[in-house]
Amino acid sequence: MKEDNILLNGTKKITDFLGKVDKKKKTTQAIAAITGMSMAAVLGAMTLYDSFFPRYERPEYSVYPGVYNYEIAKEYVKRDEFYYSIGDIKLKGYFYPADNSKGLVVVVHGLHAGADDYLPIIIYLVQNDYSVFAYDGRGTYDSEGSSTVGMCQSLVDLDYTLSYIQTSSRFKNQPLFLLGHSCGGYAVTAVLELKKGIKACAAIAPVNNCYTLILEKGQQYAGSLASAGLPKVFLDAYQKALFGKYTKCNGVDGINSTTTPVLIAHGTEDKVISFSEQSIISHRNEIRNPQVKYYIKSGKQGGHDSIWHSEKAIMYKESVAQQLEELKKQKDADITHEELIAFYKQIDNQLYSEINYELMDCIIEMFDSVNCK
């Protein structure tokens, strides 16, 4: 019986692999026909595109300071862990119950991050009587998937996740709120056009349009050379093949499709999502939803991640980085892995990841105001 299972599993893996090869070949042929590019050019562009969206594993927490590890966070919140299906894969979900819960907040992480990277925010939400549903997106941390696919994947994952939540006997009757950062901010706003019943939504440093972002980022860093490897005609065809209907979605259209209260937070010094070009806030003149509020920060808290951290945390991080540089100079040699672990053991994790309470209180206040109606 055991040998039969091994043979069956081996056959399934071979079948799945051949299926993926066949699908890729058909996709390549279709894109070549649509774009007029050669098969070789399409394959090269697909390989380049896919290289930007690898799988992301958890960091090594012994050299990753802050409250981004549940072994530290479990002192403050309890959670249930589980898997749920979205299409052909399973995502890892995390539920943090709050006593006397006012509702359920779905927290959506950005690209290059996972659910636990937002534990400081999750803890604060639970402490303010909001239960939290967080998850690792496709190809991230504990979820399945060999890659993160592309920037629109955050919206795909959220759409499926909300369908799961809204049909689950455990979650479906709770008031539902959304909070996302970066690509997660794009997802929580864009999904408002696809899903109804959302009480309020908070987006921190949100991208407006993940479909166009990869081309915009290329132009930002490479100018006219950006289209050499990934021409727009290819990007349009390939992303439509990957994401279908989701390529038509963006944050502004999602916000305008409803009167759901929305808070948009962005820093003027954001180097990841440009405040003046790629962000939702740069499209303020297009937003018609009367219940949208804005939170803008400059200076030390004006960055992509620093906007949701306190000034004390930002200054402490700078101090830690300086201490590490001084240690390297004193040794006049590379720091060993053991020495790095010892160095980070003496870090104040709470201070290192302290949140921007002003921003979080604005979000809590919006959530509370909806609950009072």
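**Strand E7 and its partners.** I looked up Ile264 in this predicted model and found that Ile264 stands opposite Tyr294 in strand E8. I then followed the pairing of the two strands and noted that 6 bridges join E7 to E8, which covers residues 292–297, and that the two run parallel. Turning to the other partner of E7, I found strand E6, residues 198–204, joined to E7 by 4 bridges, again in the parallel sense, with Cys201 standing opposite Val262.

I next asked which residues of E7 point one way and which the other. Val262, Ile264 and His266 point to one side, Leu263, Ala265 and Gly267 point to the other, and all are buried. I recall that side chains in a regular strand alternate between the two faces of the sheet.

**The whole sheet.** I traced the strand order as E1-E2-E4-E3-E5-E6-E7-E8, an open sheet of 8 strands with mixed pairing. Strand E1 (80–86) and E8 stand at the edges with a single partner strand each, so one side of each is left without a neighbour in the sheet. On average, neighbouring strands of this sheet are turned by 20° against each other, direction ignored. Further in, I checked E3 (residues 104–108) and E5 (residues 176–181), which pair in the parallel sense over 5 bridges, and there Val105 stands opposite Phe177.

**Helices on the sheet.** I found helix H4, residues 119–127, lying across E2, E3, E4, E5 and E6, and running at about 160° to E4. Helix H13, residues 357–371, lies across E3, E5, E6, E7 and E8, and runs at about 170° to E6.

**Nonpolar cores.** I noted that the largest nonpolar core has 64 residues, and that Val106, Phe133 and Leu158 are among those with the most contacts inside it. Leaving aside residues up to four places away in sequence, Leu158 touches Val106, Val108, Tyr135, Ala187, Val188 and Val191. A second, separate core has 42 residues, including Val105, Tyr130, Tyr295 and Met360.

**Helices H10 and H11.** From H10, Val320, Gln323, Leu324, Leu327 and Lys331 meet Glu339, Leu340, Phe343 and Tyr344 of H11. By class, I recorded 6 nonpolar, 1 polar and 2 charged residues in this contact.

Notes
Residues are numbered from 1 along each chain as its sequence is written. This is a predicted model: local features need pLDDT of at least 70, side-chain atom pairs count only at pLDDT 80 or more; totals for chains, interfaces and linings use all residues. Side-chain values use heavy atoms; hydrogens and water are left out. Contact means heavy atoms within 4.5 Å. Ala, Val, Leu, Ile, Met, Phe, Trp, Tyr, Cys and Pro count as nonpolar, Asp, Glu, Lys and Arg as charged, and the others, Gly among them, as polar. Buried means under 20% relative accessible area, exposed over 50%, partly exposed in between (1.4 Å probe, protein chains only). Two strands pair if DSSP finds at least two bridges between them. A nonpolar core is a set of buried Ala, Val, Leu, Ile, Met, Phe, Trp, Tyr and Cys residues joined through side-chain atoms within 4.5 Å. Axes are lines fitted to C-alpha atoms, for helices over the stretch in contact, and angles run from 0 to 180 degrees between N-to-C directions.
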